Amino acid sequence: MTSQLAKYAGRALSSSRQRLQVPNGWMGSYSSSTALFSTYTPERPPAHAMLSTDEKVKAPPMVYIAGEEMTHYACELFTKEWFEPYFDISAWECYDLSCKNRDATDDQCLHDAVEAGKRIGAIFKEPTITPTAEQKAEMGLTKSFGSPNGAMRRGWNGITISRDTIHIEGIDLGYKNPVLFERHAVGGEYGAGWEEVGKGTLLTTYMPSDGGAPFIVDKRDLTDDHNVVVVYHNPYDNVEPLAHLFFQRCLEGNITPYIVTKKTVFKWQEGFWATMKKVFDENYKEQFESAGLLERSGGDLQHLISDAATMQLIRWTEGGFGMAAHNYDGDMLTDQIAQVHRSPGFITSNLVGKNDDGSLIKEFEASHGTVSDLWNMHLAGKETSLNPLGLVEAMIGAMEHAAVLDAERNPDDEAKVVAQAKIFNYTKTLRTALHNTFRYGQGTRDMSGPSGFTTEDFIKKVGWRLNRYLAAQYEEAPPPKLSEPDLKYRRNYDVDEEEVNKMFVRFDKDKDGFISYEEFTRMLVKLNIAPTKAEAKYEKSPDV
């Protein structure tokens with residue numbers, strides 16, 4: 001990591017949002033940018049929300065979990081290029097979860113990261129490696145460490161993993177409208193106990209913690225010489241908070257909800273559906289009906305068998321729906337959503353848990369891995385073109401949640417609400433700069449083809465655009481003045497605006513959304529309408 005990220009930082013306190021009047025859109029919103037495709041006119045935020053490199057904003061406490069390979073390299077680049085010029089990040093706590101550091105510390109670094117995440121509540125995580133036996137040998141590790149995700153979900157009382165499609169206005173990625181997904185964060189096959197055994201009898205016995213009489217849950221005779229026995233369970237205490245989170249998010253996003261199980265075969269999954277339906281009927285059904293969000297689902301919350309859900313994910317490309325499912329089903333179905341929506345790079349992945357004080361712990365990461373193939377190219381000195389969109393969305397989410405928690409924990413600190421407003425202004429502007437760079441055809445090669453930008457050049461281009469957008473917010477609005485009515489109000493107005501937009505893009509040579517004086521002059525010359533000096537000298541004599 002950079003020098004500022006590489007050290008464990010102290011814990012700064014922060015503030016609330018209740019003592020300043022902040023216009024909607026500058027705090028408390030996680031919505032995507034809707035900037036125009038051809039120009040960018042900065043929406044002027046309140047003065048206290050503006051940022052400048054002359055005075056850095058004290059970023060609130062956040063846990064930064066570093067990974068490795070290509071995604072680690074890209075995160076280092078954009079943190080230095082985009083975030084460090086505007087933020088003092090000394091309150092971030094950084095934990096290195098690379099394989100070598102996990103090995104060197106005997107996984108103490110993972111335990112420390114989990115403890116810090118529980119204490120602070122806002123976490124950004126880079127993709128990490130769960131080493132195979134081959135990678136263990138290559139890296140010289142003493143053992144093959146398991147995925148850190150299980151320890152994080154347990155340590156942070158994981159409720160759900162929210163995975164949503166990322167959208168860039170004007171670019172078709174797959175689903176036309178947002179798709180939301182809640183994946184039960186605990187239980188199922190991932191925490192299973194198992195053993196290879198021969199012939200015999202398997203008993204699964206339950207012993208109540210209250211001292212009640214034990215009883216046999218399952219008994220089966222194993223007649224094969226070679227068997228694998230597996231035991232797992234699904235904790236259901238947190239399905240109710242998962243349901244509330246899911247339905248609230250669907251309402252906020254104008255999304256139709258669906259619940260996915262295989263309960264027709266796996267009878268034990270009935271409890272998941274029953275809890276979701278009960279929460280829906282008692283708390284949300286009327287709101288969904290009023291919003292017209294149940295028309296596509298037959299007027300009620302609909303249950304989908306997991307087999308049917310896989311088919312609908314391919315058919316429902318208009319989007320506008322959400323699904324909630326068990327852990328394993330959620331893992332598989334969200335991978336399918338990622339493929340319909342171009343790639344895992346266009347899907348978010350946010351673990352949501354609950355702290356002892358009732359506040360939400362949120363960990364944000366990209367839904368893809370460390371991108372080993374590009375890392376090997378980078379090590380070989382070849383050009384790479386990594387799309388960092390998923391990583392950036394995760395960083396934005398973590399910073400926004402850190403700002404919200406910081407404000408809530410310090411309701412009397414007015415300076416904190418200012419920092420929160422600045423952070424939300426920054427993240428909103430960064431998202432606009434990032435999306436516009438793709439819209440102007442200056443994206444990475446997965447979006448723009450062979451002529452697309454390299455990893456490094458793309459990050460620099462977004463940084464350049466971000467700096468321009470933030471600086472433009474300081475420009476004073478011109479005083480009101482009388483002007484002619486908009487030409488569109490003329491009865492004979494018949495301008496082909498699509499062609500005008502094409503001309504604008506044609507003459508906006510540097511694709512920054514503005515026509516400079518030099519570009520304007522070039523345009524006049526090419527259109528053969530530029531005034532000449534000879535014309536200026538010519539004076540027409542009066543007609544007599």
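Where is P61 placed, and between which two strands? The first close-up takes up that question, and the other views follow from there.

**View 1. P61 sits in a loop between two strands.** This is a predicted model, and here we look at the loop that runs between β1 (57-58) and β2 (62-66), which is where P61 is found. P61 has a relative accessible area of 12%, so it falls under the 20% cut-off and counts as buried. Look across to L405 as well: 344 residues of sequence separate P61 and L405, yet their C-alpha atoms are 9.3 Å apart in space.

**View 2. Ten strands line up in an open sheet.** Reading across, the order is β4-β2-β5-β16-β15-β6-β7-β14-β12-β13, and the pairing is mixed. The edges belong to β4 (92-96) and β13 (302-305); each has a single partner strand, so one side of each has no neighbour in the sheet. Going from one strand to the next, the twist averages 20 degrees. As background, strands in a sheet pair through backbone hydrogen bonds, in either a parallel or an antiparallel way.

**View 3. β5 and β16 run in the parallel sense.** Zooming in on this pair, we have residues 122-125 of β5 beside residues 360-366 of β16, joined over four bridges. To find your way around, pick out I123, which stands opposite E363 in β16.

**View 4. Helix α10 packs on the sheet.** The helix covers residues 306-315 and touches β12 (256-261), β13 and β14 (321-325). Compare its direction with that of β13, and you get an angle of about 95 degrees.

**View 5. E93 is tucked into strand β4.** With a relative accessible area of 2%, E93 is buried. What does its side chain contact? The partner is the side chain of Y95, in a polar contact of 2.7 Å.

**View 6. D107 and V371 both have a positive phi.** Neither residue is a glycine, but phi is about 70 degrees for D107 and about 60 degrees for V371. D107 belongs to the loop between α3 (99-104) and α4 (108-120). Its relative accessibility is 13%, so D107 counts as buried. V371 is in a loop too, the one between β16 and α12 (372-379).

**View 7. The two stretches shown here have pLDDT under 50.** One of them is residues 1-39, where the model still has 126 contacts beyond four places in sequence. The other is residues 536-544, and beyond near neighbours in sequence that stretch has zero contacts in the model. For the protein overall, the mean pLDDT is 87, and 87% of the residues reach 70 or more.

**View 8. Stepping back, the protein has 19 helices and 16 strands.** Of its 544 residues, 47% are buried. Take the contacts between residues at least 6 apart in sequence: 77% of them join residues at least 24 apart.

Methods: Residues numbered from 1 in each chain as written. Predicted model: local features only at pLDDT ≥ 70, side-chain atom pairs only at ≥ 80, totals over all residues. Heavy atoms only, no water. Pairing = 2+ DSSP bridges. Axes fitted to C-alpha atoms, helices over the stretch in contact; angles between N-to-C directions. Contact = heavy atoms within 4.5 Å. pLDDT = per-residue confidence, 0-100. Buried < 20%, exposed > 50% of the residue type's maximum accessible area, 1.4 Å probe, protein only. Polar contact = N/O pair within 3.5 Å; in protein donor to acceptor, adjacent residues only side chain to side chain.
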